[in-house]
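Visitor: I'd like to go through this model piece by piece, with the cut-offs spelled out as we meet them. Where shall we begin?

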Amino acid sequence: MLRIPHRAILRLSGPDTLALLERTVTHKVMDWTEGELRYGALLTPQGKIIADYLAKRVDDGVLIDVHEDAAADLLKRLTMFRLRSQVQLTIDESLAAVTDETGHDDPRSGALYLRDIVPAADVDGVVDGATWAARRIEAGVPEWGADYRAAEVFPTDINMDLMGGVDYKKGCFIGQEVASRMKRKGLIRKRTVRIAGAGFTPGAELRAGAALIGNITSVEGNQALALVRTDRVAKALQAGEHITAGDLPAEIYQPDWLAAELAAHVEAPANE
């Protein structure tokens, strides 16, 4: 089994672990079965992502697989929200996030590697960074540290709602009011999309004619992810305009969910 690059493991244990997560994070908690991986995030009160993560339910609590640069801040904030709850929180350096043939499905996409959290002593090596990036970009999955960092994006910007990372029917979570209001508005205006083309660089502007429609966030080979304004993409495609990234031709992949959202923008321009 191979260690996934740039990940750290938070261990939460104690009788109030699920109650703490239920009132703070975006995903379902109380119906969580042992061994199951779930995708979620802790948000700011303004609804932006502090850190998103994959979490595994274990017999004595929860293990959180998070980007190593976000781990200390996530630990600090969850500790602050603990109040008088009986929860112990630590960064557990004896554990590692790995990809393995006997692992669990990544809840974000079936096109990603199987993964698990295991003793670090059992790890055989590290996944090649370029190989990892190519796999997740092809799956259309953005990642903290590559495509965004703390307090830069809302959950819908990185498609968390499409990947099961946000439960809008929960009783509460930090930032829920803003997140729910954005979802209730109907048409989401910012999404992360996959694009194809050669020579792209992270940060390059994505344009349709003179109009700025987004920016590339990560690149591997001839594919990339970009955060775009879907209303502007819809307008450009309807007008037959060519889309470019830094003056290079770019093609936006349109899975069914994106095609439906673009069509909705075309049909209801007056409501935007």
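Sheets, helices and a ring pair

Visitor: How many bridges do S7 and S8 pair over?

Guide: S7 and S8 pair over six bridges in the antiparallel sense, and in S8 the bridge partner of Ala-96 is Val-118. Strands here are DSSP runs of E with at least two residues and helices are runs of H or I with at least four, numbered from the N terminus, while two strands pair if DSSP finds at least two bridges between them. This is a predicted model, in which local features need pLDDT of at least 70 and side-chain atom pairs count only at pLDDT 80 or more, whereas totals for chains, interfaces and linings use all residues. Residues are numbered from 1 along each chain as its sequence is written, and side-chain values use heavy atoms, with hydrogens and water left out.

Visitor: Which sheet holds those two, and in what order?

Guide: They belong to an open sheet of four strands, ordered S8-S7-S1-S9, with mixed pairing. Its edge strands are S8 and S9 (125-126), each of which pairs on one side only.

Visitor: And the five strands, in what order do they form their sheet?

Guide: That open sheet runs S3-S4-S5-S2-S6 with antiparallel pairing. At its edges are S3 (37-43) and S6 (88-91), each pairing on one side only, and from one strand to the next the twist averages 30°.

Visitor: How do S2 and S5 run, and how many bridges join them?

Guide: S2 and S5 run antiparallel and are joined by seven bridges, with Ser-13 standing opposite Gly-61 in S5. S2 (residues 7-13) also pairs with S6, again in the antiparallel sense, over four bridges, and there Arg-11 has Thr-90 of S6 as its bridge partner.

Visitor: What about S4 and S5, how many residues sit between them?

Guide: Two residues lie between S4 and S5, which form a hairpin; the two strands run antiparallel and are joined by six bridges, and Ala-55 has Ile-64 as its bridge partner in S5.

Visitor: How many residues of S5 are buried?

Guide: Seven of the seven are buried, so S5 is largely enclosed by the rest of the structure; buried means under 20% relative accessible area, exposed over 50% and partly exposed in between, with a 1.4 Å probe and protein chains only.

Visitor: Which helix lies across that sheet?

Guide: H2 (residues 68-82) lies across S2, S3, S4 (49-58), S5 (61-67) and S6, running at about 140° to S5. Contact means heavy atoms within 4.5 Å, and axes are lines fitted to C-alpha atoms, for helices over the stretch in contact, with angles from 0 to 180 degrees between N-to-C directions.

Visitor: Switching topic: at what angle do H5 and H6 pack?

Guide: H5 (residues 230-238) and H6 (residues 256-267) pack at about 80°, with their axes 9 Å apart, and they are therefore roughly perpendicular to each other. The contact is made by Thr-230, Asp-231, Val-233, Ala-234, Leu-237 and Gln-238 of H5 with Leu-258, Leu-262, His-265 and Val-266 of H6, and these residues divide into six nonpolar, three polar and one charged. Angles under 35 degrees count as roughly parallel, over 145 as roughly antiparallel, 65 to 115 as roughly perpendicular and the rest as oblique; Ala, Val, Leu, Ile, Met, Phe, Trp, Tyr, Cys and Pro count as nonpolar, Asp, Glu, Lys and Arg as charged, and the others, Gly among them, as polar.

Visitor: Which residues of H5 are buried?

Guide: Thr-230, Asp-231, Val-233, Ala-234 and Ala-236 are buried in H5, and the buried residues of this helix pack against S10 (190-196), S11 (205-208), S12 (211-220), S13 (223-229), S16 (251-252) and H6. Just after H5, Gly-240 takes a positive phi of about 75°.

Visitor: Is Ala-151 buried, exposed or partly exposed, and what about Asn-159?

Guide: Ala-151 is partly exposed at a relative accessible area of 40%, whereas Asn-159 is buried at 3%. Ala-151 has a positive phi of about 60° although it is not a glycine, and Asn-159, also not a glycine, has a positive phi of about 70°. Ala-151 is placed in the loop between H3 and H4 (176-184), and Asn-159 is found in the loop between H3 and H4 as well.

Visitor: Last one: how many aromatic pairs does the structure hold?

Guide: The structure holds one aromatic pair: the rings of Tyr-113 and Trp-132 have their centres 5.5 Å apart and their planes at 15°, so the pair is stacked. The pair links distant parts of the chain, 19 residues apart, with Tyr-113 in the loop between S7 (95-104) and S8 (115-119) and Trp-132 in H3 (residues 129-138). Rings of Phe, Tyr and Trp (its six-membered ring) pair if their centres lie within 6.5 Å, with planes under 30 degrees apart counted as stacked, over 60 as edge-to-face and the rest as tilted. Trp-132 counts as buried, at 7% relative accessibility.
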